[in-house]
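Q: I have a structure open here and want to go through it with you. Can we start with the contacts?
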Amino acid sequence: MTTALIVLLTVLVVAFVVFVTWFLAMKADGKCPLCMLKAIGRKKLTIDISDVPDYENGNRLPIMGWSSWNTLRHHISEESIYDSAKVLVDTGLADAGYQYVNLDDCWQSSMRDEDGKLQGDLETFPSGIEELCRRINALGLKMGLYSSNGSHTCEDLPASLGNELLDARTIASWGVEYLKYDFCHHKKLSGSSPVIEYIDLSRKGHHAEYTLKPEHAKFTGRAKVIKMKELPTGKGIGYLNHGAGTATFSLSVDNGGWYVMTIHSNKNWINFKRYMQVYVNGVMYEAHFPSGHSFSPDARLQIEVKLKTGENTIKLCNPVVTSADSEYIQYKRMGDALKQASREWAEYSHTEEKPITYSICEWGWGNPWNWGAKAGNMWRTTMDINSGWHSIVSLYKKTLKLYKYSSPGHVNDPDMLEVGNGKLNIDENKSHFTLWCMLAAPLVLGNDIRKLEDGSKKSAAILNILTNNSLILIDQDPLVKPAKLISRKGGIDTIARPLYNGDTALCFFNTSGKKKPVDFELDSLKDEKYLEFRPSPRDYEIHDLWSDDRAQGAKIACSVPPHGVKVFRISR
């Protein structure tokens with residue numbers, strides 16, 4: 001036997017011993033080890049959300065506005081924000097539809113106030129965020145803010161993890177109508193759950209009035225009562241981890257109301273955080289078990305739940321298998337908080353409700369297009385954009401594939417516009433703007449719009465691009481059905497999207513560095529069921545959306561400049 005073979009066999013034996021040891025240790029700790037293995041290398045959602053209603057709270061159409069990030073970053077201030085807001089009005093951008101003034105990271109102080117609430121930077125926003133919002137509203141515009149689904153924002157300032165409802169109520173009280181929720185310092189929810197020894201329920205200041213014991217539960221999946229000699233009762237509910245199963249109790253209560261639920265469980269021998277969901281009559285409460293020292297085998301955790309008079313159903317589970325499961329739960333948590341907060345504030349202040357459009361900025365890591373419509377209004381399909389041509393084309397190509405996921409109130413977001421930034425030439429700027437309109441993407445300006453008032457030819461050209469009403473109508477079409485790739489050949493992407501009035505938007509995008517000819521028969525669009533294109537017995541009306549030329553015909557023959565586009569609205 002060769003040395004190499006001996007080494008290989010030794011490694012395999014050691015690996016097998018380690019695996020068996022781990023497997024048995026997990027079982028001894030009340031875990032389903034096979035269920036844990038399902039999480040390896042998977043990003044897709046495993047939680048069944050088929051019965052979850054779509055998120056309905058913000059804009060039905062892709063938002064249009066301006067974001068502070070590219071221009072101001074950490075040099076943001078109330079003066080620079082207000083000056084930019086005035087430019088939206090003075091240049092006609094607001095009239096063209098750009099209504100949102102979005103403050104990105106660095107608007108907030110590193111300190112929460114005495115009530116634990118977020119507050120504006122005490123030096124750069126001395127008047128406070130509420131006053132700035134009032135001034136922006138007075139211009140006829142809307143204001144947006146930024147936070148992150150983590151312990152801190154990307155610039156290491158206070159974020160909203162664990163404070164979702166408090167922060168949602170704060171920004172609703174300020175009059176904010178948009179929230180971008182980033183992914184920095186994200187803390188993944190654990191798929192692991194402790195063995196549950198028993199559960200007490202009591203009103204505050206009272207002894208336990210009801211006790212739920214393991215033998216009272218009905219189980220699904222692998223969940224079951226297991227022996228655990230470390231616990232005082234010697235048993236508990238195990239195998240709740242990684243979607244392994246559920247335990248459900250029926251409880252009759254004499255007097256409904258808020259109760260303290262004390263969950264008695266075992267401490268984890270590996271000393272890491274664990275998680276569990278508690279559904280009380282269909283309402284979900286979250287139980288976060290901290291890591292800690294296992295000086296004693298049992299622990300308790302308390303949450304408040306609302307019981308009703310009569311029969312109650314209480315279900316224990318942990319549906320977290322993949323990272324996408326964790327992200328869905330946490331992003332939906334903030335979305336639900338925003339809906340609740342805007343409704344509460346309207347009732348409290350006796351004013352018309354201002355729904356808060358909710359942007360899930362998860363960077364596309366957990367395939368948010370699969371679950372974003374259940375949690376928010378828009379979701380980032382990619383990492384951050386930059387003003388390089390390669391970045392723009394890369395984000396376009398990825399988002400183009402996701403056309404079937406957009407609908408009114410729920411849109412793919414390939415990030416903000418870079419029109420006017422970097423070294424993009426006029427044709428590249430036109431292409432970038434056109435493609436985002438064809439993708440039914442949010443049109444959020446990322447350039448320094450204050451420069452658009454300098455009187456230069458470049459600024460005039462950029463302003464002309466950004467206010468192309470014919471293309472904005474494509475982006476804002478009520479169907480919110482993004483473009484689909486029709487063909488890709490010879491350096492030309494042919495993409496098309498159906499429009500509300502029965503028209504079709506057709507775009508030829510030249511991805512190459514050379515001028516390319518196009519010869520396209522319009523009747524061929526009937527082959528794409530997505531477009532619902534009906535052939536016409538007579539010539540089509542063909543509107544060139546950049547030159548504004550109008551013609552009639554059955555085909556389009558044109559040439560497309562390098563990195564350029566030709567885009568048309570086709571009518572019967």
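A: This is a predicted model. Residues 24 or more positions apart account for 72% of the protein's contacts that have a separation of 6 or more.

Q: How many helices and strands are there?
A: The protein has 13 helices and 27 strands.

Q: And what box do the C-alpha atoms fill?
A: Roughly 85 × 75 × 50 Å, taken along the principal axes.

Q: What share of the residues is buried?
A: Of the 572 residues in the protein, 53% are buried.

Q: Switching to charges. How far apart are the mean positions of the positive and negative ones?
A: They are 8 Å apart, for 68 positive and 67 negative charges.

Q: Which residues gather in a patch of positive charge on the surface?
A: Lys43, Lys397, Lys398 and Lys401.

Q: Where is Lys401 found?
A: In the loop between α10 (389-400) and β18 (411-413).

Q: Why does Lys401 count as exposed?
A: Because its relative accessibility is 65%, and exposed means over 50%.

Q: Now Arg135. Which helix does it lie in?
A: Arg135 is in α6, residues 129-138. It counts as partly exposed, at 29% relative accessibility.

Q: What is Arg135 in contact with, leaving aside neighbours within four places in sequence?
A: Glu78 and Tyr82.

Q: And how far is Arg135 from Ala85?
A: They are 50 residues apart in sequence, and their C-alpha atoms are 9.5 Å apart in space.

Conventions: Residues are numbered from 1 along each chain as its sequence is written. This is a predicted model: local features need pLDDT of at least 70, side-chain atom pairs count only at pLDDT 80 or more; totals for chains, interfaces and linings use all residues. Side-chain values use heavy atoms; hydrogens and water are left out. Helices (H or I, at least four residues) and strands (E, at least two) are DSSP runs, numbered from the N terminus. Buried means under 20% relative accessible area, exposed over 50%, partly exposed in between (1.4 Å probe, protein chains only). Contact means heavy atoms within 4.5 Å. Lys and Arg count as positive and Asp and Glu as negative; His and the chain ends are not counted. The place of a charge is taken as NZ of Lys, CZ of Arg, CG of Asp or CD of Glu. Patches are made of residues with over 30% relative accessible area and no salt bridge: like charges are joined within 9 Å, nonpolar side chains (Val, Leu, Ile, Met, Phe, Trp, Tyr) within 5 Å. Accessible areas come from the Shrake-Rupley method with a 1.4 Å probe; for residues, only the protein chains shown count as cover. A salt bridge is a side-chain nitrogen of Lys or Arg within 4 Å of a carboxyl oxygen of Asp or Glu.
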